[in-house]
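In this notebook I record what I looked up in one structure.

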Amino acid sequence: MEISTALLQPVIVLGLWSVVMMVVTIASRVSYMSNLDIAPEEAKHTSDISSKLPSNVRQIGDNYNHLHEQPTVFYAVAIAIALSGHGEDLQVQLAWAYVILRIIHSLIQSIYNNVMHRFSVFFISGILVGAMAIIEILNWIENE
């Protein structure tokens with residue numbers, strides 16, 4: 001059984017995107033906090049300063065948190081499929097589509113935060129992960 005490295009590429013890209021959003025989150029919060037003279041000790045918990053931060057700064061941080069929710073299911077499913085050696089073209093295409101949609105989700109939430117646009121992208125991306133899992137289960141059944 002051969003590991004599908006092609007399926008691991010979108011996993012790495014989404015991981016890198018999460019790091020990008022971490023940097024954007026830190027930069028936006030630190031910049032705003034320094035402009036308001038909010039000391040780092042006042043921010044032991046996000047909730048301690050959340051009400052002091054404008055919506056556009058909070059929504060960037062919210063998106064960073066969202067990258068640690070649904071994408072964790074994607075990581076698990078994609079890595080399991082890659083390890084099983086079933087990372088065929090369709091699975092790779094679904095994985096890349098998922099990553100692209102999650103990046104779009106981040107951009108929507110960080111730039112203009114239209115909830116319906118965000119929800120649509122979130123929902124479709126969730127369907128893609130579900131499809132990847134179903135295809136893998138069908139592969140198991142077929143190979144038994």
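I first listed the buried residues of α1 in this predicted model. They are L7, P10, V11, L14, W17, S18, M21, T25, S28, R29 and M33. I took buried to mean under 20% relative accessible area.

Next I asked which helices the buried residues of α1 pack against. I found α2 (46-49), α3, α4 (70-84), α5 (89-111) and α6 (115-143).

I then checked the span of α1, which has 31 residues. From its first C-alpha to its last, α1 reaches 45 Å, close to the 45 Å expected at 1.5 Å a residue. After α1 comes D37, and I noted that its phi is positive, near 55°.

I turned to the whole protein chain and counted six helices and zero strands. The radius of gyration is 18 Å, well over the 15 Å that the globule rule gives for 144 residues, so the chain is more spread out than a compact globule. I recorded a box of roughly 65 × 30 × 20 Å for the C-alpha atoms, taken along the principal axes. Of the 144 residues, 37% are buried.

Last, I examined the largest pocket, which holds about 190 Å³ of space. It is lined by 13 residues, and the closest to its centre are T25, I26, R29, V30 and M33. Which helix gives the most to this lining? I found that α1 does, with seven residues; α1 (5-35) and α3 (55-66) each supply at least two.

Key. Residues numbered from 1 in each chain as written. Predicted model: local features only at pLDDT ≥ 70, side-chain atom pairs only at ≥ 80, totals over all residues. Heavy atoms only, no water. 1 Å grid on protein atoms, 1.4 Å probe; cavity = no way out; pocket = protein on both sides within 12 Å on 5 of 7 lines; lining within 4 Å. Points joined across faces, edges and corners; volume = space filled by probe spheres on them. Helix = DSSP H or I, 4+ residues; strand = E, 2+ residues; numbered from the N terminus. Expected span 1.5 Å × (residues − 1). Buried < 20%, exposed > 50% of the residue type's maximum accessible area, 1.4 Å probe, protein only. Contact = heavy atoms within 4.5 Å. Rg over C-alpha atoms; globule rule 2.2 N^0.38 Å.
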